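Take a short walk through this structure.

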Amino acid sequence: EKKLERIVQRIRSFPDFPSKGILFKDICPVLKDPEALTAVIDLFEQHVRQTYPQVELIVGLDARGFLFGPLLAQRLGVGFVLIRKKGKLPGPTQSVGYTLEYGMAEAEIQEDAVDAGQKVIIIDDLLATGGTLYAACELLKKQSAEVLGCMVLIELKDLNGAERVKPSPLFSLIQY
Ligand code: 5GP
């Protein structure tokens with residue numbers, strides 16, 4: 001449809017970034033175009049209202065999940081919570097380690113961020129190997145949250161990230 005087309009037009013590819021052999025999808029032009037950004041939030045909102053009307057919190061991933069998550073949370077009238085890279089959040093935190101395409105990383109959440117049983121949706125800009133979203137799911141499991149699903153703007157199909165995120169369902173707007 002029209003909205004998806006507009007978003008697709010605003011996604012650029014950069015070869016060999018941030019390292020050789022990686023084709024990086026750049027979503028900056030989506031943010032710069034108000035119509036495309038509105039389309040992204042419209043489509044996410046539509047999916048959540050149809051599929052997860054019981055959602056209580058949107059959880060966004062460092063760093064580009066922070067660009068879309070709060071806009072979506074506002075539309076839905078729910079709160080927003082951050083999962084950050086290690087060492088960025090004050091106070092007591094919980095963390096989970098995970099593997100990246102290049103190396104290791106740790107994801108962190110504030111200990112009191114989510115109540116037990118709270119129904120959450122995790123959002124990020126892009127799914128590659130699924131390592132980042134998997135770590136987020138593990139963190140939320142530790143907090144006894146109920147992960148309804150994961151949502152991304154872009155899914156890189158060849159890397160099979162959706163498998164790694166299972167059993168949480170994955171929703172993506174655009175697939176490559
Ligand atoms: P994964 O953990 O699924 O392998 O990688 C996904 C994470 O890396 C996401 O947080 C995403 O922001 C970032 N990422 C990896 N590749 C790309 C890319 O090509 N474009 C963008 N925008 N982000 C990427």
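The model is a predicted one. Begin at Ala63, in the loop that runs between strand S3 (57-61) and helix H4 (65-76). The peptide bond leading from Asp62 to Ala63 is cis. Its omega is near 0 degrees. Most peptide bonds are trans, and most residues other than glycine have a negative phi. Keep both points in mind for the next stops.

Phi of Asp16 is near 60 degrees, a positive value in a residue other than glycine. Is Asp16 buried or exposed? Asp16 counts as exposed because it has 10 C-beta neighbours inside 10 Å, and 12 or fewer is the cut-off for exposed.

Ser144 also has a positive phi, near 60 degrees. Look for Ser144 in the loop between H5 and strand S8 (146-155). Ser144 has 11 other C-beta atoms within 10 Å, so it is exposed.

Which residues come nearest to the ligand? Of the 16 around it, they are Lys25, Ala128, Thr129, Gly131 and Thr132. Strand S2 (23-26), strand S7 (119-127) and helix H5 (131-142) each give two or more residues to this shell. S7 has the largest share, with four residues. By class, the shell holds six nonpolar, five polar and five charged residues.

Terms used
Residues are numbered from 1 along each chain as its sequence is written. This is a predicted model: local features need pLDDT of at least 70, side-chain atom pairs count only at pLDDT 80 or more; totals for chains, interfaces and linings use all residues. A residue is near a molecule or strand if its C-beta atom, placed from the backbone, lies within 6 Å of it. Ala, Val, Leu, Ile, Met, Phe, Trp, Tyr, Cys and Pro count as nonpolar, Asp, Glu, Lys and Arg as charged, and the others, Gly among them, as polar. A residue is buried if 20 or more other C-beta atoms lie within 10 Å of its own, exposed if 12 or fewer, and partly exposed in between; C-beta atoms are placed from the backbone.
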